Amino acid sequence: MTEQNHMVDKNGTLDTGKVNDVMNRMDTGEKEQILKNFEEFKSYLGSRVHLGESLGLGEEQLAKTAEKVAGYLAAHEEPRNAEENLLRELWNVGRDEERHMLAHMLVRLAQKANKAN
């Protein structure tokens, strides 16, 4: 893949504006596998957070990315389980600052899931 296919360039600069493009390019089968089970979703999110941390991204950058991904999922994907449904409902009723805090909590949840694996 070329550099423009990623959200982080070779200099470690994060471009959250590419979230929709990256999500749209994801294989449908892979996306379904990740979203059908909440534990699988947490594990996948944990691996992505760990990758971001290894690239030097801080919690705020990770939360901003999580916020973009959550917005994409809320707008484009139907919840596959009760946990995703709850997250979507919280996302949809939250104000911007509440959504941002929820994104921080999702990052910490992912970090915890990654440590458990």
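Modeller: Contact here means heavy atoms within 4.5 Å, and the model to which this is applied is a predicted one.

Colleague: Which residues are in contact with Leu62, once its neighbours within four places in sequence are left aside?

Modeller: Leaving those neighbours aside, Leu62 is in contact with Val49, Gly52, Glu53, Leu57 and Val107. Leu62, Val49 and Val107 are also among the residues with the most contacts inside the largest nonpolar core, which has 19 residues. The elements that give two or more residues to this core are α1 (19–25), α2, α3 (38–54), α4 (59–76) and α6 (96–116), and α4 gives the most, with 5 residues.

Colleague: Why is Lys31 called buried?

Modeller: Lys31 has a relative accessible area of 11%, and buried means under 20%, so Lys31 is called buried. Lys31 lies in helix α2, residues 28–35, and, not counting residues up to four places away in sequence, it touches Met23, Met26, Tyr72 and Glu77. Of these, Met23 is listed with the residues that have the most contacts inside the largest nonpolar core.

Colleague: What makes Glu60 partly exposed rather than buried or exposed?

Modeller: The relative accessible area of Glu60 is 37%; since buried requires under 20% and exposed over 50%, this value falls in between, and Glu60 is therefore partly exposed.

Colleague: Where is Glu60 placed, and which residues is it in contact with beyond its neighbours within four places in sequence?

Modeller: Glu60 is in helix α4, and, with those neighbours left aside, Glu60 is in contact with His100 and His104. The C-alpha atoms of Glu60 and Ala103 are separated by 9.4 Å, although the two residues are 43 residues apart along the chain.

Terms used. Residues numbered from 1 in each chain as written. Predicted model: local features only at pLDDT ≥ 70, side-chain atom pairs only at ≥ 80, totals over all residues. Heavy atoms only, no water. Helix = DSSP H or I, 4+ residues; strand = E, 2+ residues; numbered from the N terminus. Buried < 20%, exposed > 50% of the residue type's maximum accessible area, 1.4 Å probe, protein only. Core = buried A, V, L, I, M, F, W, Y, C linked by side-chain atoms within 4.5 Å.
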